[in-house]
Amino acid sequence: MDPAPWLDDETVHSSIAPCMAACCCGSWPDLVETRPPPQKHTADRARQQQLQEEAMARRQALLLAVVIAAACLAPLASAMEWMVGDDAGWRPQFNKTGWTNGKTFRVGDTLMFMYQPGAHTVIQVGKDDFISCNLQGNQLGAWTSGNDVVHLDKPGKVWFFCSIPGHCDNGMKLVVDVQLDAAPSPDSPPPPAPKSSAPAATAGRYTAAVALAAGVVASALALAL
Ligand SMILES: [Cu+2]
């Protein structure tokens, strides 16, 4: 089929040229501008930043709460290690030393009995056997190493004596009244400090508090990171 006779070559070229220029120079917005508008990117970034800031704030709040909790709980959780008889240890006529005077024993504390192995023992008994020094009675616990650690794990009185014949009758006996672990009320006077057993007792509380605080903080870091 012949081209339209009224259009010569020059006329056809001059009609197409503006179209070609428009395509190449990108002046047709509908065809060239296919990217999303820049406002969407900005909004996404702002939202992301807000989420990150919120997460950071949550971590900081969690850490702060944990540190405060650790500081509050440490005194409650601390336990005392009582060196029975202090430097002189577990010995005859112990009940005349007044070693328990002014001391408050709590659940979680420990008693450490130091003596020459074989020379003495530590036997936990009931009240009646304690009073009568009954060596044949029911033994609730027995320790003989000379470096014995007894855990005070429940409230109430605990009775001990030495089972070497004659020693209990000679006063080698100890009763301890264990209190429930609780913070002392603010208006009650603080208990007198232990005398020569102070370093061991203080070290025990310090160690327990530091261990607890370190454990809690480590857990918090693991959660937050
Ligand atoms: Cu003894």
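Strands pair when DSSP finds at least two bridges between them. Strand E3 (residues 110-114) and E6 pair in the antiparallel sense over five bridges. Met114 has Asn147 in E6 as its bridge partner.

Some ground rules apply. Residues are numbered from 1 along each chain as its sequence is written. The model is predicted, so local features need pLDDT of at least 70 and side-chain atom pairs pLDDT 80 or more, while totals for chains, interfaces and linings use all residues.

Now the whole chain. The protein chain has five helices and eight strands. These are DSSP runs numbered from the N terminus: helices are H or I, at least four residues, and strands are E, at least two. Along the sequence, the pattern is α-α-α-β-β-β-β-α-β-β-β-β-α. Of the 225 residues, 14% are buried.

Leu174 sits in strand E8 (residues 173-179). Leu174 is buried because 23 other C-beta atoms lie within 10 Å. The cut-off for buried is 20 or more such atoms, with C-beta atoms placed from the backbone. Not counting residues up to four places away in sequence, Leu174 touches Val84, Phe94, Asn95 and Phe160. Contact means C-beta atoms, placed from the backbone, within 7 Å.

Key:
A residue is buried if 20 or more other C-beta atoms lie within 10 Å of its own, exposed if 12 or fewer, and partly exposed in between; C-beta atoms are placed from the backbone. Two residues are in contact if their C-beta atoms, placed from the backbone, lie within 7 Å.
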